[in-house]
Amino acid sequence: MNAHNESGFFTEENSAEVVIARNAGAEDARLRQVIDVLIRHLHEAVKEIEPTQEEWFKAIMFLTDTGHMCNEWRQEFILLSDVLGVSMLVDAINNRKPSGASESTVLGPFHVEGAPELPLGSNICLDQKGEPMLVRGRILDTDGKPIAGAKIDVWQANDEGFYDVQQKGIQPDFNLRGVFRSNEEGEYWFRGVKPKFYPIPDDGPVGKLLASLGRHPYRPAHLHYIIAADSYETLTTHIFDPDDPYIASDAVFGVKQSLMAEFKPVDDTARIDKAGFDGPYLEVEHDFVLARS
């Protein structure tokens, strides 16, 4: 028996090593490295959990159901990656920034290519629904110098927590979306409405998993940004409302302390007129610092 084991027969004790040894002929060294690591940790997890045959089959069926939920507009495996914190971990590993540069966060599923490029100060809320908001700030480099001509792609949910692509025929196309360019001083500003928290899609296996774990599916209110400029790394990020009820329990772990932005009420008549609103509004100010590429 010992001779057989030494020859590479599978046992509970040497399970991972035996399987990994079979991968020795892989032509792609990176693929082999990835699979070997996954095998090692998966076998360690199974040995720690000691699942029954029924439990393991339930796990397989969960993954099967997750795959069946995927289609051309929904990717349930990405959702699973999000709620397990893996998406944010991969983002963090791939977006390590120098000191002083703004932090990134997940892109999210609702970005749309081709949003209109608008003059600074434009209102991206096309249906005029919601609490008016002025968003302003600067695009800077890590030395604090302004970056002129930076492309700022912004999008957000409405006051009910829905993006335009979720409410075709209800919201206008490209509602609460726009592309702006920073001026010579690196400044940007635009008008929108205060966004609301919203749930990630929770009608599939991932949503059922969250419910089983006693977790909610909500993301706190936020605005999305993709900021790009020549000679700088493109930044994909959010800014968050620190007073949102879900700010400390984002379902996909996207909140970072540095991305908080206070939503300040403004009721001064002169400022209201200057901002182009008809009445009181919220002002949100946040600067972004880009790292050189």
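## A nonpolar patch on the surface

Leu42, Val46, Trp56, Phe57, Ile60 and Met61 together make a nonpolar patch on the surface, with about 530 Å² of accessible area between them. Patches are built from residues with over 30% relative accessible area and no salt bridge, like charges being joined within 9 Å and nonpolar side chains (Val, Leu, Ile, Met, Phe, Trp, Tyr) within 5 Å; accessible areas come from the Shrake-Rupley method with a 1.4 Å probe, and for residues only the protein chains shown count as cover. This is a predicted model, in which local features need pLDDT of at least 70 and side-chain atom pairs count only at pLDDT 80 or more, while totals for chains, interfaces and linings use all residues. Residues are numbered from 1 along each chain as its sequence is written, and side-chain values use heavy atoms, with hydrogens and water left out.

Helix H3 (29-49) and helix H4 (53-69) each supply at least two residues of the nonpolar patch, and H4 gives the most, with four residues. Helices (H or I, at least four residues) and strands (E, at least two) are DSSP runs, numbered from the N terminus. Ile60, which is placed in helix H4, counts as partly exposed because its relative accessibility is 38%; buried means under 20% relative accessible area, exposed means over 50%, and partly exposed lies in between (1.4 Å probe, protein chains only).

## Two nonpolar cores

A nonpolar core is a set of buried Ala, Val, Leu, Ile, Met, Phe, Trp, Tyr and Cys residues joined through side-chain atoms within 4.5 Å. The largest nonpolar core has 27 residues, and those with the most contacts inside it are Val135, Ile139, Phe190, Tyr225 and Ile227. The elements that give two or more residues to this core are strands S1 (132-141), S2 (151-156), S4 (187-193), S7 (222-228), S8 (235-240), S10 (281-285) and S11 (288-290). Apart from this core lies another, of 10 residues, among them Val83, Met88, Ile200 and Leu210. In soluble globular proteins, nonpolar side chains tend to be buried together.

If neighbours within four places in sequence are left aside, the residues in contact with Ile139 (contact means heavy atoms within 4.5 Å) include Lys145, Pro146, Ile147, Ile227, Phe288 and Leu290. In helix H7 (residues 205-212), the buried residues are Pro205, Val206, Gly207 and Leu210, and what covers them includes H4 and helix H5 (76-83).

## Salt bridges across the chain

A salt bridge is a side-chain nitrogen of Lys or Arg within 4 Å of a carboxyl oxygen of Asp or Glu, and by this rule the count comes to 11 salt bridges. In one of them, the side chains of Arg138 and Asp287 meet at 3.1 Å, N to O. Arg138 lies in strand S1 and Asp287 in the loop between S10 and S11, so the pair ties together parts that are 149 residues apart in sequence. Arg138 is partly exposed, with a relative accessible area of 36%, and Asp287 is also partly exposed, with 28%.

Another salt bridge joins Asp241 to Lys194, with the closest N and O atoms 3.7 Å apart. This pair links distant parts of the chain, with Asp241 in the loop between S8 and strand S9 (263-266), and Lys194 in the loop between S4 and strand S5 (198-199), 47 residues apart. Asp241 counts as buried because its relative accessibility is 5%, whereas Lys194, at 28%, counts as partly exposed. Arg219 and Asp250 meet in a salt bridge of 2.8 Å, N to O, and Arg219 is buried, as is Asp250. Arg74, Glu76 and Asp203 are linked in a network of salt bridges.

## A buried loop residue and positive phi values

Ala221 is placed in the loop between strand S6 (218-219) and S7, and this residue is buried, with a relative accessible area of 1%. Among the residues in contact with Ala221, apart from neighbours within four places in sequence, are Pro195, Ile239 and Asp241. The C-alpha atoms of Ala221 and Ile239 are separated by 8.7 Å, although the two lie 18 residues apart along the chain.

Most residues other than glycine have a negative phi, and most peptide bonds are trans. Gln128, however, has a positive phi near 60°; Gln128 lies in the loop between helix H6 (86-94) and S1, and counts as exposed because its relative accessibility is 59%. Phe174, which is not a glycine either, has a positive phi of about 65° and is placed in the loop between S2 and strand S3 (177-181).
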